[in-house]
Amino acid sequence: MQSSVPVSDRIAQMVAWTAALIALWGSAHINVRYLEQIPHVQDSVNYLFQAQLFSSGRITIDAPPNVTSFSSEHIIVQNNRWYCHYPFLVPFLFMIGLHLSAIHMVNPLIAMLTILVIFRIGRENYNALTGMWSALLLVSSPFFMVMSASFMSHPMGLFLTTTGLLFFLRVLRSGKLRHSMLTGLAIGLLFNTRPLTAFALGLSLFSFYIRNRDRLNRRIIHHLTTWIIFVLLGTGMFIVYSSQLSGKTLQFATHTIVSESKGPSQIKLINRFVNSFSAAGIARDSHSPERGIGCVKALLELYHTYALNWPGWFNLSLFMIPLIPWKRRETDRLLYWSFFIVPLFYSLYWRSAIMYGPRYIYEILAMTVLLSARGLDVCLEGCDWLHRNTVMAAWHTRRTARIATQTALYILTGALIYSNIDQYFIKDYYNLRENPPVSLVPMRLGAMRNFNGINRSIADTVKAWGLSNAVVFVQDSRWQGFGSVSSFNRPTLDTEVVYARDINDETNARVMHHFPNRSYYWTSYPRIQLHRMEFDAATGGVSKIRLRTPEEEEKLRYAAQAREELMDRQEEMIDRRNQLENGVLASGVPDPKRSSLETLSDEESPTP
């Protein structure tokens, strides 16, 4: 029996699966080869730290002595407890990756699932080709691929956003109660990943529940109740987990970050934002409506550049086409409303772009690719209308024009997608910088190496030396020095090599006292120079003796041997010269070389 699925739909599904597999392989390849399977920003370090805590069966742990020598930014120390304040879902997934020895595959797998969900949204609410183009636009975005290769929480946030949209749109079509349950579950889990995004998207979906109450008829109360229960279930998980971290009921763990971060906590920012509409001026530790609007503006400007990474005005051109009232659907309204409401809530942030560009609003990438693919479909529908209502009365003329128009649009979109793929391999000044600007997205493969000044050079040097049962102090004039190796520590500080921040001799001596049966080393960064450290109990000081690599030792031996040979030759030449000055050899026979030299000098001397 032949399948009733059209050939075009089967081709679209095959292309979407191919895009999903490319996302899986491509992001994993970037993580392994270019990002070296290590975190490159503080947030990623903290997620891995909490994942290691979960792996040990705990959510907090006793802080070690001299905790500042081992702690990264946003690692909280409160009541002698040590933990990361971020929501639990992403560290939990990384914990599973740790147990499977495939932590670098967690976000690539999530990226693959996200593309498949995007395809389902496009196919179910528009058509299979729209779903296919949505998947292709997403996988061709360097912004998407770079974030999927990182150890950040945003890929999971994007997946839960698309999943929530998928099931909510099914609610509007089928009216089944289980879809409201799954929608609420997705938003609740999103609250345990990206809380502010979850609040914004939840408000968007709630407003569309009310807007479509007539479509849901008398079951609107059941749908809303089911949806709210599961949203509150996820919110309750967030509150309980955060209360367990902070040790106080109904106190978010972010309260404790005020003294640790360079800026105030989000909770404090919200309070100051609400109470500061008449504030004049913006201080570093305060917030205001002006600052919030400036944050959103900067985010949207960066997003316009990096969302699809197309040249100039092409970037969001297809995205804007469905705004035309002609044939606008309820799905279009939902996607546009969700797209605009999420950045609005990020006016509660006090700064806009720290690492990976507009990552705060990364989750609206789902709406962007769906509406851009929808814009392509609207263009085709508009061209069909023109063909039917113009001089192209003959059927074969309209068919030819339709094929030509469709081919031209697909070629243009394919060329824009190819421009993204081609940019991965372009070498330019941005690629060749040692440390590209942190607010930008490393769009080229070359720029991903040593991104944010992070690489495995210290860990590779330690491995090459074969160090074990050791403590390595890392000079940390910036965050990058200790940050490049802090993820190799466990919260229990019981690995073969423990890395510590080099603060001062006094603090280092206390750390050495805490690890009495280990050897101690020191290294600088980014220029790696490994030294052996020794503690002088008499003076209380710490001495450093530079270690030399086998290559350096071989060069020194060769230089010493060459120096000895040179000294022997010099001594031989001195003896020879003394003999020549006397004009005779040791046996008393005249030196023929001396005579020949005198003769030669007489012949070459000028005649007076």
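How far apart are the end C-alpha atoms of helix 13, and what span should its 18 residues cover at 1.5 Å a residue? In this predicted model, helix 13 comprises residues 289–306, and its end C-alpha atoms are 26 Å apart.

The loop between helix 13 and helix 14 (317–320) contains Asn309. This residue counts as buried because its relative accessibility is 9%, below the 20% limit for burial. Asn309 has a positive phi of about 60° although it is not a glycine. Most residues other than glycine have a negative phi. A positive phi, of about 50°, is likewise found at Asn469, which is not a glycine either. Asn469 is placed in the loop between helix 20 and strand 4; with a relative accessible area of 36%, Asn469 is partly exposed.

Gln13 lies in helix 1 (residues 7–34) and counts as partly exposed because its relative accessibility is 33%. Leaving aside neighbours within four places in sequence, Gln13 is in contact with Phe119 and Arg123. The C-alpha atoms of Gln13 and Arg123 are separated by 9.2 Å, although the two residues stand 110 residues apart along the chain.

The largest nonpolar core has 144 residues, and those with the most contacts inside it are Phe94, Ile115 and Phe144. Beyond its neighbours within four places in sequence, Ile115 is in contact with Ala16, Ala19, Ala20, Ala23, Ala135, Leu138, Val139 and Phe144. A second, separate core has 15 residues, among them Ile458, Phe482, Tyr521 and Leu547.

Five strands form an open sheet with mixed pairing, in the order 5-4-6-7-8. Strand 5 (497–502) and strand 8 (542–546) are the edge strands, each pairing on one side only. On average, neighbouring strands of the sheet are turned by 30° against each other, direction ignored. Strand 4 (residues 470–475) pairs with strand 5 in the parallel sense over six bridges; Ala500 in strand 5 is the bridge partner of Phe473.

Two helices were examined in relation to these strands. Helix 20 (residues 457–465) lies across strand 4, strand 5 and strand 6 (519–523), and runs at about 135° to strand 5. Helix 22 (residues 505–514) packs on the sheet and touches strand 4, strand 5, strand 6, strand 7 (531–535) and strand 8. The direction of helix 22 makes about 80° with that of strand 7.

Conventions: Residues are numbered from 1 along each chain as its sequence is written. This is a predicted model: local features need pLDDT of at least 70, side-chain atom pairs count only at pLDDT 80 or more; totals for chains, interfaces and linings use all residues. Side-chain values use heavy atoms; hydrogens and water are left out. Helices (H or I, at least four residues) and strands (E, at least two) are DSSP runs, numbered from the N terminus. The expected span of a helix is 1.5 Å times one less than its number of residues. Two strands pair if DSSP finds at least two bridges between them. Axes are lines fitted to C-alpha atoms, for helices over the stretch in contact, and angles run from 0 to 180 degrees between N-to-C directions. Contact means heavy atoms within 4.5 Å. A nonpolar core is a set of buried Ala, Val, Leu, Ile, Met, Phe, Trp, Tyr and Cys residues joined through side-chain atoms within 4.5 Å. Buried means under 20% relative accessible area, exposed over 50%, partly exposed in between (1.4 Å probe, protein chains only).
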